[in-house]
Amino acid sequence: MSTATTTLPRARGGVLGLIASTDHKSVAIRIFLTGFFFFVAGGILALLIRTELYSPGQQLVNQDHYNEIFSMHGSTMIYLFVVPISLALGVYFVPLQVGAAEIALPRLALLGWWLLIGGGVTMWLGWFTQNGPGDAGWTAYDPLSDATNTPGDGMYLWIIGVMLAATSAALLSACILGTVMRRRAPGMTLLRMPVFTWSMLMTSILMIVAAPALLVAMGLLFWERVYGGVFDTSGGPIQYQNLFWFFGHPVVYVMFFPFVGAVGEVIAVFSRKRFFGYRAHVAALLLFTALSTSVWAHHMFATGQITVKYFSLMSTALIIPAGIEYLDLVGTMWGGRIRVGVPMAFAVGFILQFLIGGLSGIFTGSPPLDYHVTDSYFIVGHFHYTLFAGSLFGFFAAFYYWWPKVTGTFLRTGIGWIHFVLLFVGANVTFFPMFFLGYDGMPRRVADYDPQFTDLNRVSTIGAFIIALGILAWLVNIVVSLVKREPAPDDPWGGHTLEWATSSPPPRHNFDKPLPPIRSYAPLFDARSGQTAKIEKAEA
Amino acid sequence: MVLVALVDTRKEFEDLASTYLPIAIVVFALVLLGTIVPLFVFRARRRGEPSDREEPPWLPIGYAAVLIAIVALLVTLTFNAQDKISAKVTRPGLQVNVTAAKWNWRFDYPAQHISQIGGDSTPTSLVVPTGTDVRFNLTSLDVIHSFWVPYVRFKRDAFPRRTTSFVLSFPGVGYHTAGRCAEYCGLKHDQMIFTVEVMSRNDFNAWVSQQQRAQAARAA
C-alpha cells in the first residue's frame, strides 16, 4: 500500500481528464452521468407509452412505433441505466469503503465507461435507420428477432449495443471484484467489509458469471440473422431463452444488491446503530447469489418445455435469503435513535415498495399462478415495483446519502422531501393498478387494449406524470445545490464506514491521512463509541 | 359412469391464490409495522443511547426455520396444484389443434372434421363443451405466440416447429371475448385475439352438426 502511492499517476484535469482520467471517482461520475442521460431518454419513452395507453385505440403513435418505443424503453433502462449506475456506485465507493488508494485495474474501468457510451450510442443510432431501432423487446426472443421477422439494421445495432454494454458491465465488475480481493486496507478482513461492499462483491461475481451468457446469446443471434442455421431447429427458440435468462435472472440481482446494500448503510447510520445481524446478512447474500443462478427458467414456465418443479422450488426458496435481509434491515431500526432525513425516507420507501415487488414475485414462482399472470400487466407491475419503486428508491437513498461525500455540498432538504413525496405517490399510482389489469387479462407489450381496461390505465398514466414531476424536483434540487453551494463537512451524518474518514470530495488517492483502526465492519462507529479501544484492550 | 376430476386450471389458480395472498398481506403488514413503528418510537430526540445489542445467535437460525417452513408449505401446495394441472388425461372429451400465426388463430377439431378460422373483422371462435377435458395441441407457423384464456387462468406458449399439449376444462356456460396472444409477436400483437364460447354438451353437439353441414355445403 504505502509504496504503491508513489508510482500511481497524478490526477488529470481538463478535456484529457474527461476522456482519459483513470481516477475511479471520476470514472464513476462519468458512468453515472452517462446512465443518467439514458435514464432521461428512457423515461421520455415511458411517458410516450403511458400517454398512448391513456385511452384504448390509437392516438399518439401507431403499432410499429409503439413496439419500437417499449422495446427501447426496456433495453435502455436495463442495459444502459440500472446496471451501469449499480456498478457506478461500486466503482466510486468500494475502494473508499475498503480503504484503498485506487481501484484495481483502473484502465479497465475507464474502458468500461467508454464501452457503455459506445453501446448506448450504437443502440440508439437505430432510430436513424430505415426500419427504426430494434423492436423485439428487451429480450429479443428468436425467431421474432431474426432477419425475417425483424428486418433492418436497427436490430443489428441493438445486438451490438447490448454486447458492448454487457462487456462494459463485466469489465466494471472485474474492477470491483479485484479491488475487494487485492486492495483491502490492513485489518479489513472479508468479515469486516461494510454491507454495501459485500453487496457489490456479490454483484460483481454475478455479473461476471452472467455477462458471457448474454454475449453468447447475442453473438449467436447475430450469426442467425446473417447466416441462419443457429436457432432454426425445433429446440432453437427455447435454447435462446435458456441462454438469455441465464443472464437475465442473475442481472435482476445485479440491479438489486447494490441498492439493498446502500439502504443498509443509510438505515444503520440514520438509526445511529450498528447494522443488525451482519453475519446473517452476509450469509443471506451468499445464498441469494447461489440460488440466483439456478432460477432462470421461472421466466419460461409457460413454454411447457422446462422442469417446472425444480425451478419453482429454487425460486420459492429465495424467500429465505430475502426474509433474512429484511429482518436485518428492519432490526437495525429497532432500538436506534432515528433521524428521519431524506436518505432515510427513500430507504424506508425502498423497503416497503420492494417488498410489494418481492411478494408478487413469490406468486410468479408458482407455475399454476404464473401460467395466468406471466406476460400480463401483473408482471409489468411486479418488475416495476422491484426496479423502479425498489431499486430506484434505493438509488435515491444512496444519492442523498453520498452526495455530500462526492461534492462536498448538501442537497436541499425541502426539495428533497418534495422529490420523495411525488415519487412515492407517483410510483404507487402508476404501478399498483397494473396488478389488477394483468389479473383481469390485459397482456403486456400492446399499443391498444379492450375498453374494459380504460379506467385503471388512466390512473396509471396520471401516476406516470406525477413520477415525471418527482424526477423534475430531483433535477431542480441538483441544479440549485450546485449553483448555491452549502458546504458539507467530511462526515455530515456520523457515518460508520471508511469513506467518511476522508475529505469531501476525497483526494486523488482517497486518503491523505492515516486510516482509523479497522476492528469491525463499522470502524468509525467503533472509534466514536470507544469500541476500538475496548477491542484492542481485549486483544492485548 | 366413473366420475373423474377434471383438469380445472381456474380452480387451481383461485385455490392457490387464496393461500398465497393472505400470507403476502400478513407479511407486508408485519414489515409495515416493523418500519413505521420505530420511526415514531425510536426518534433521535428520545433519551438514552441507541441499543448496542448484537442479535442473539438463535434469532437468525430460528427465523430461517420459519422461512423454510413457509417455503415448504408454498412449494407443497404448488406441486399439488401442478400435478393436477399436468395430470395425464387418457381419454379427453374433445381434441382441438391450435395453430397460431401472425396475427390470427386456427382451431381444428380433427375428430369432427371442423376448422375454425376468423377474418380481419371477426376473431376466430373457440367453441368448447362445458364439463369435459379438452386436449389442446398447440403450435405456431412463424414466431412464438402464446395461447391465453384469462377465464381459465392459463396460458401456454406456441413454438414453431414444435407441438405442445395441455388439457383444460371450461366450467360454466357462456361467451368470453378475452382469448388472446400473450407473447409479443410483432406488429399486430395487440390485435391477435380470439373468442371463447362454452356450450352445454347438447348445444355443442348441435353446433358440431351445423358446422359439418355448412362445410359440406361449401365443399359442394
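# A chat about a two-chain predicted model

Trainee: How is chain B divided into domains?
Mentor: This is a predicted model. In chain B, the domain assignment gives domain 1, covering 9-46 + 54-85, and domain 2, covering 94-219. The C-alpha centres of domain 1 of chain B and domain 2 of chain B are 39 Å apart.

Trainee: How many helices and strands does chain B have?
Mentor: Chain B has three helices and 10 strands. Read from the N terminus, the order of its elements is α-α-β-β-β-β-β-β-β-β-β-β-α.

Trainee: Is chain B compact or spread out?
Mentor: Chain B is more spread out than a compact globule, because its radius of gyration is 25 Å, well over the 17 Å that the globule rule gives for 220 residues. Along the principal axes, the C-alpha atoms of chain B fill a box of roughly 95 × 50 × 30 Å. Buried residues make up 31% of chain B.

Trainee: How much of chain A is buried?
Mentor: Of its 540 residues, 62% count as buried. Among the contacts in chain A with a separation of 6 or more, 83% join residues 24 or more positions apart. The corresponding share in chain B is 68%.

Trainee: Which residues touch the most other members of the largest nonpolar core?
Mentor: That core has 230 residues, and A:Val91, A:Val263, A:Val266, A:Phe346, A:Ala347 and A:Ala397 touch the most other members. Helix 14 of chain A, residues 377-407, gives the largest share of this core, 20 residues. Domain 1 and domain 2 of chain B both give residues to this core, so it lies between them.

Trainee: What does A:Val263 touch?
Mentor: Beyond residues up to four places away in sequence, A:Val263 touches A:Leu329, A:Ala347, A:Phe350, A:Ile351, A:Gly394 and A:Ala397. There is also a second, separate core of six residues, including A:Tyr66, A:Ile69, A:Val446 and A:Ala447.

Trainee: Where is A:Gly349 found?
Mentor: A:Gly349 is in helix 12 of chain A. This glycine counts as buried because it has 25 C-beta neighbours inside 10 Å, where the cut-off is 20 or more. Apart from neighbours within four places in sequence, A:Gly349 is in contact with A:Phe393, A:Phe420 and A:Phe424.

Trainee: Back to chain B: how many residues of helix 3 are buried?
Mentor: The count is one among its 19 residues, so helix 3 of chain B is hardly covered. This helix, residues 201-219, reaches 27 Å from its first C-alpha to its last, close to the 27 Å expected. B:Asn205 lies in helix 3 of chain B and is partly exposed, with 13 other C-beta atoms within 10 Å.

Trainee: Which residues does a cis peptide bond join in chain A?
Mentor: A cis peptide bond joins A:Ser504 and A:Pro505, with omega about -10°. A:Pro505 is in the loop between helix 16 and helix 17 of chain A. In chain B, the peptide bond from B:Lys102 to B:Trp103 is cis, with omega near -10°. B:Trp103 lies in the loop between strand 1 and strand 2 of chain B.

Trainee: What is phi of B:Arg153?
Mentor: Phi of B:Arg153 is near 55°, a positive value in a residue other than glycine. Most residues other than glycine have a negative phi. B:Arg153 lies in the loop between strand 6 and strand 7 of chain B and is buried, with 24 other C-beta atoms within 10 Å.

How values were computed: Residues numbered from 1 in each chain as written. Chains lettered and ligands numbered in written order. Predicted model: local features only at pLDDT ≥ 70, side-chain atom pairs only at ≥ 80, totals over all residues. Domains from an automatic or database assignment. Helix = DSSP H or I, 4+ residues; strand = E, 2+ residues; numbered from the N terminus. Expected span 1.5 Å × (residues − 1). Buried ≥ 20, exposed ≤ 12 C-beta atoms within 10 Å, placed from the backbone. Rg over C-alpha atoms; globule rule 2.2 N^0.38 Å. Contact = placed C-beta atoms within 7 Å. Core = buried A, V, L, I, M, F, W, Y, C linked by C-beta atoms within 7 Å.
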